[in-house]
Amino acid sequence: MKNILKNVTLFFILGIFYIIGGSLYAIILITGNSAQDGLLGIYILFSLIPVFILLLLERVLVRKFGNQKVNKAQFYFVLFVVFLWIVRTIANL
């Protein structure tokens with residue numbers, strides 16, 4: 001347990017939040033009244049599978065390269081996505 005808390009990365013925290021929040025929201029939707037809500041809850045549960053796979057891959061990379069290098073690469077990826085979002089916003093003006 002200490003080792004996992006010592007090797008915390010950006011995607012690990014976001015993945016855990018998505019798993020917890022997505023599971024709770026999917027359960028609320030599945031137990032709802034309409035069929036559309038239930039179907040959306042099932043879609044959210046299916047979207048948890050890639051998140052689990054990415055978290056497993058990320059944990060392997062942290063074990064192999066260390067959390068500082070993986071965290072730096074994840075931070076650069078997030079900055080690149082934000083940059084692309086800003087460029088899209090400017091291009092749509």
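**Exercises: a pocket, a helix pair and a ring pair**

In this predicted model, H3 supplies the largest share of the lining of the largest pocket, six residues.

**Exercise 1.** Work out which elements give two or more residues to the lining of the largest pocket, and how the lining residues divide by class.

*Solution.* Start with the space itself: the largest pocket holds about 240 Å³. Now assign them: H2, H3 and helix H4 (67–91) each give two or more residues. Finally, sort the lining by class, and you get eight nonpolar residues, two polar and one charged.

**Exercise 2.** Find how H2 and H3 are oriented where they pack.

*Solution.* Take helix H2 (residues 10–30) and helix H3 (residues 35–65): they pack at an angle of about 160 degrees, and their axes are 9 Å apart. Angles over 145 degrees count as roughly antiparallel, so H2 is roughly antiparallel to H3. As for handedness, the crossing of H2 past H3 is left-handed. Their contact has 17 nonpolar, six polar and three charged residues.

**Exercise 3.** Search the whole structure for aromatic pairs and say what geometry you find.

*Solution.* The search turns up one aromatic pair. Its rings belong to Phe 11 and Phe 77, with centres 6.1 Å apart and planes at 85 degrees, so call it edge-to-face. Then place the partners: Phe 11 sits in helix H2 and Phe 77 in helix H4, so the pair ties together parts 66 residues apart in sequence.

Definitions and conventions
Residues are numbered from 1 along each chain as its sequence is written. This is a predicted model: local features need pLDDT of at least 70, side-chain atom pairs count only at pLDDT 80 or more; totals for chains, interfaces and linings use all residues. Side-chain values use heavy atoms; hydrogens and water are left out. Axes are lines fitted to C-alpha atoms, for helices over the stretch in contact, and angles run from 0 to 180 degrees between N-to-C directions. Helices (H or I, at least four residues) and strands (E, at least two) are DSSP runs, numbered from the N terminus. Angles under 35 degrees count as roughly parallel, over 145 as roughly antiparallel, 65 to 115 as roughly perpendicular and the rest as oblique. A crossing is left-handed if the near helix is turned anticlockwise from the far one by less than a right angle, and right-handed if clockwise. Ala, Val, Leu, Ile, Met, Phe, Trp, Tyr, Cys and Pro count as nonpolar, Asp, Glu, Lys and Arg as charged, and the others, Gly among them, as polar. On a 1 Å grid over the protein atoms alone, a cavity is a set of points where a 1.4 Å probe fits but cannot get out, and a pocket is an open set with protein on both sides within 12 Å along at least five of seven lines; lining residues have an atom within 4 Å of a point. Grid points are joined across faces, edges and corners, and a volume is the space filled by probe spheres set on the points. Rings of Phe, Tyr and Trp (its six-membered ring) pair if their centres lie within 6.5 Å; planes under 30 degrees apart count as stacked, over 60 as edge-to-face and the rest as tilted.
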